[in-house]
Amino acid sequence: MKALFANRMHVSFVVLGSLLILFIAVPLLRTVTASNPAVLWQTLLDEEVRGSMGLTFYASLVATGLAFVCGVPLAYLLARADFPGKQLVEGIIDVPIVVPHSAAGIALLMVFGKRTPLGQAFSLFGLKFVSATPGIVIAMLFVSLSFLVNAAREGFEAVDPRLERVARTLGASPWRAFWRVSFPLAWRSILSGMILMWARGLSEFGAVVILAYHPMVAPILIYERFESFGLRYARPVATLMILTCLLTFVALRLIARRKGKGA
Amino acid sequence: MKGYGSVQVCDLWVDLEEFHLRQVNLDVAAGEYFVVLGPTGAGKTVLLEAIAGLHQPRQGRILIDGEDVTNVPPERRGVGFVYQDYMLFPHLSVAENISFGLKLRGLGRGIIEERVTAISQLLSIDHLLHRRPGTLSGGEQQRVALARALVVEPRLLLLDEPLSALDPGMREGLQRELARVHRELDTTTVHVTHDFEEAVALGDRIAVVNEGRVVQVGSPEEIFRKPDSEFVARFVGVRNIFRGEVRSGEDGYKVLPLNGVEVAVVTGLTGRVHASIRPEDIVISREPLQSSARNSFRGRIVDIADRGSVVYVTVRVPSAPQGKPPDFISMITRRSLEEMELKEGLEVYIAFKASAVHAF
């Protein structure tokens, strides 16, 4: 390990970098410490708050699950195969990161809205997206799937294709070589991509608000309380959300790291 | 454990990024140890991977035991593959690596354990079974890779530069191990290398490849005595290579008799070995030499090959009447040749240190 204050350049970099860290940490800390524990507890007992937080975690989990099922195979192809238009596909995967999320919501509404062919087709199966949980799920999916696909692709790229070839000569079909060699070796990256995607989905506001203001996910609830009742009422919900997200995120990171070390 | 499989490669063309195989024909007999020798980038790995079924050829056929396997996927070809850098599964223990292929075959636990134990004893890695590949030395990893390939009793063992990543000491050990394992199991082996000594030490026959083509096939002796192209001659180089049976001598030296000419060597090996002496290590003179070199012989110049600034002088040393007298090739500068006025038929003295003889 290199010393942090090795020379003057390091010292000035430390000062500059610290500004950013403080910029993140201070507002979060301020929010968390400003709330009186009794008020927090009361907020936690609020049926609406708990329902909304549960919905947020659940919808983001479903989105992550969907992205896992389709995104891991896609990531594998991007890591292993060469095909015309590959750069285009990679570009498309990154698009959700760059478009404004409210615009993404509008775009989804154009395809999954009530009067669109796709929207009507899904409604035959009792699935509606506008002002419904599936709408929240696809909004979260759209804006966060890049994280999972990119992380998984990097994970697969780090697996030497010759490991799969050895597995093949030892009697493994392509499927088995994938499940027994490539997937377990890329799992750590996939898992960290899933955590990132899930966390990104939790915090989504812009795309979700267009498709489904109700049922209310936590970010929208915070916004609504702020708009209708003011800062004092929005803050405890914000605090709860920050704390829960931080705790889950840290816990998942720790689990992922331990698993990575064990492998 | 017996694996007999002949291999025929017929008119094989493969295109793979910058590597190309062009009209490759090979015929490897069952039980043979066949070495494919060539410089880096000659397409040796692609050839092995094509035999394993990992690349689809553009044209040509591959037969194993007479069965056309050109369109058979790798998992049904019955080949074992060992890469230069081991390619052990890092997420599995040594035992799990070795049993990987057996588990895929759905064998029972007892049988798997039995066969893993047998093969790891054969390769002296039975004390490593619970370790992770990352904690092993290069030599140990390569033994594990070899065990993993052999435990499924392949018809054919494919070795891609299996010794190149190892440091010299390890390399010699594992090279002998490969020879021993081949003697015991008789598995047909195709071994790819760029190292000529490795090829000579292990190969029953050698195929020299260059730029995706097979340029010469023959016994090691044929390849270095009668290179049939400029490329082979250059690639193999001018060498003194001998075969003989090492026995212990005096003063800590060992003796390698070459048709009655006894050469002192320094080596840990015993029994039948190959020995090479670099031409630049053999000193030539017209008078008997007074030096510390253990090996000093009188002979007659039978050939002088001019290579520009250097000259290769072949000296035949008289030996016991029944044997073929050994030829020693010495490299000297053109200037020394002129100063000593060396000519064919002239009697000269040659000398080299016992440590200049490399036994392998």
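Guide: What follows is a set of questions about the labels used for this predicted model.

Visitor: How do you know how confident the predictor is in the complex and in chain B?

Guide: For the complex, the predictor gives an ipTM of 0.84 and a pTM of 0.83. Confidence per residue runs from 0 to 100, and the mean pLDDT of chain B is 89. In chain B, 98% of the residues reach 70 or more, and local features need a pLDDT of at least 70.

Visitor: What makes up chain B overall?

Guide: Its secondary structure comes to nine helices and 20 strands. The C-alpha atoms of chain B fill a box of roughly 75 × 50 × 35 Å along the principal axes. Chain B has 360 residues, of which 41% count as buried.

Visitor: Why is strand β8 of chain B called mostly covered?

Guide: A residue is buried if 20 or more other C-beta atoms lie within 10 Å of its own. In β8(B), residues 188-193, six of six residues are buried, so the label follows from that cut-off. Thr188(B), Val190(B) and Val192(B) point one way, while Thr189(B), His191(B) and Thr193(B) point the other way. In a regular strand the side chains alternate between the two faces of the sheet.

Visitor: How do you know which strands pair with β8(B)?

Guide: Pairing needs at least two bridges between two strands. Strand β3 of chain B (residues 33-37) is joined to β8(B) by five bridges, and the two run parallel. Within that pair, Val36(B) stands opposite Val192(B). Strand β7 of chain B (residues 156-160) is also joined to β8(B) by five bridges, again in parallel, with Leu158(B) as the bridge partner of Val190(B). Both counts, five and five, meet the cut-off of two, so both are pairs.

Visitor: What makes up the crossover from β7(B) to β8(B)?

Guide: The chain passes through helix α5 of chain B (residues 168-185) on the way, and this β-α-β crossover is right-handed.

Visitor: Which strands of chain B form a hairpin, and how are they paired?

Guide: Strands β1 (residues 7-16) and β2 (residues 19-28) of chain B pair in the antiparallel sense over seven bridges. Gln8(B) stands opposite Asp27(B) in β2(B). The hairpin of β1(B) and β2(B) has two residues between the strands, and Glu17(B) in the turn has a positive phi of about 45°.

Visitor: Why do β15 and β18 of chain B count as edge strands?

Guide: The open sheet has five strands in the order β15-β19-β16-β17-β18 (chain B), with antiparallel pairing. β15 (283-285) and β18 (327-333) each have a single partner strand, so one side of each is left without a neighbour in the sheet. The twist averages 45° from one strand to the next. Inside that order, β16(B) (residues 295-307) and β19(B) (residues 347-352) pair over six bridges, with Gly299(B) opposite Val348(B).

Visitor: What makes up the contact between the chains?

Guide: It takes 19 residues from chain B and 16 residues from chain A. On the chain B side, the elements giving two or more residues are α1 (44-52), β6 (79-82) and α2 (94-104). That side has 12 nonpolar, three polar and four charged residues.

Visitor: Why is helix α6 of chain A said to lie largely in the open?

Guide: Of its eight residues, 117-124, the number buried is zero, so the helix lies largely in the open. Just after α6(A), Gly126(A) takes a positive phi of about 75°.

How values were computed: Residues are numbered from 1 along each chain as its sequence is written. Chains are lettered from A and ligands numbered from 1 in the order in which they are written. This is a predicted model: local features need pLDDT of at least 70, side-chain atom pairs count only at pLDDT 80 or more; totals for chains, interfaces and linings use all residues. A residue is buried if 20 or more other C-beta atoms lie within 10 Å of its own, exposed if 12 or fewer, and partly exposed in between; C-beta atoms are placed from the backbone. Helices (H or I, at least four residues) and strands (E, at least two) are DSSP runs, numbered from the N terminus. Two residues are in contact if their C-beta atoms, placed from the backbone, lie within 7 Å. Ala, Val, Leu, Ile, Met, Phe, Trp, Tyr, Cys and Pro count as nonpolar, Asp, Glu, Lys and Arg as charged, and the others, Gly among them, as polar. A crossover is right-handed if, with the strands pointing away from the viewer, the path from the first strand over the helix to the second runs clockwise. Axes are lines fitted to C-alpha atoms, for helices over the stretch in contact, and angles run from 0 to 180 degrees between N-to-C directions.
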